[in-house]
Amino acid sequence: MASQLFADLYGCDEKMLNSEEKICTVARLAVSEIGAEIVEECIHTFEPIGITYFAVITTSHFSIHTWPEYGYAAVDVFSCGEAVTDRITGLLQEAFGATDIRVRRCERFIGRRPKTDQDIKESMHNVSIQKG
């Protein structure tokens, strides 16, 4: 079984979101936290602001997309690891200084098709975490 995590982080520090060095540091910590290693990484800074980071990792992929002007970051992790959501959401929220984080996780059906529409619905998990 594999899972894909989608995290929307709101109220993030604008300077952090526009720093290649800080984005790389957070990404590397997060990948390590889920027990994976980076195989290859790419980062691009947009003009006037915003960054996209992408890494191929030993368990699949990891990406961060930032919109500093909105204090927003989108993180996507696809991994064969078991504890992606539990291990990574707190780290991301703290690192980005997010005031709110919305997390969705999807269990992926690797090697088998879902049998019913209910299987697909049950594979999606919504988790909301707010910094208090």
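**Figure 1. The bridge partner of Leu-5 in strand β5 is Val-77.** The model shown in this and every other view is a predicted one. Strand β1, which covers residues 2-10, pairs with strand β5, which covers residues 72-79, and the two strands run in the antiparallel sense over 7 bridges. Strand β1 is mostly covered, since 7 of its 9 residues count as buried. Ser-3 is a residue of β1, and its relative accessible area of 4% places Ser-3 among the buried residues. Although Ser-3 and Val-77 are 74 residues apart in sequence, their C-alpha atoms are 8.1 Å apart in space.

**Figure 2. The side chains of Gln-4 and Asp-76 are joined by a polar contact.** The two atoms that make this contact are 2.9 Å apart. Gln-4 belongs to strand β1. Is Gln-4 buried or exposed? With a relative accessible area of 7%, Gln-4 is buried, because a residue counts as buried when this value is under 20%.

**Figure 3. The chain as a whole holds 4 helices and 7 strands.** When the elements are read along the sequence, they follow the pattern β-α-α-β-β-β-β-α-β-α-β. The chain has 132 residues, and 42% of them are buried.

**Figure 4. A salt bridge is formed between Asp-8 and Arg-104.** The closest N and O atoms of this pair are 2.9 Å apart. Asp-8 is buried, with a relative accessible area of 9%, whereas Arg-104 is partly exposed, with a relative accessibility of 24%. How many salt bridges does the count give for this model? The count comes to 2 salt bridges, and the other pair is the subject of the next view.

**Figure 5. Arg-28 and Glu-41 form a salt bridge, with their closest N and O atoms 2.6 Å apart.** This pair links distant parts of the chain, for Arg-28 is in helix α2, residues 20-33, while Glu-41 is in strand β2, residues 38-45, and the two are 13 residues apart. Arg-28 is partly exposed, with a relative accessible area of 42%. Glu-41 is likewise partly exposed, and its relative accessible area is 33%.

Figure 6. What is the relative accessible area of Val-56? The value for Val-56 is 36%, and this residue is therefore described as partly exposed.

**Figure 7. The count of disulfides in this model comes to 0.** Cys-24 is itself buried, with a relative accessible area of 11%. Cys-12 is buried as well, with a relative accessible area of 8%.

**Figure 8. A cis peptide bond joins Glu-47 and Pro-48.** Omega at this bond is about 10°. Where in the chain does Pro-48 lie? Pro-48 is found in the loop between β2 and β3. This view and the next one are best read with a general rule in mind. Most peptide bonds are trans, and most residues other than glycine have a negative phi.

**Figure 9. Ser-60 has a positive phi, with a value near 150°, in a residue other than glycine.** Ser-60 lies in strand β4, which covers residues 60-67. With a relative accessible area of 26%, Ser-60 is partly exposed, because this class holds the values between the buried limit of 20% and the exposed limit of 50%.

Definitions and conventions: Residues numbered from 1 in each chain as written. Predicted model: local features only at pLDDT ≥ 70, side-chain atom pairs only at ≥ 80, totals over all residues. Heavy atoms only, no water. Buried < 20%, exposed > 50% of the residue type's maximum accessible area, 1.4 Å probe, protein only. Pairing = 2+ DSSP bridges. Polar contact = N/O pair within 3.5 Å; in protein donor to acceptor, adjacent residues only side chain to side chain. Disulfide = S-S within 2.5 Å. Salt bridge = Lys/Arg side-chain N within 4 Å of Asp/Glu carboxyl O.
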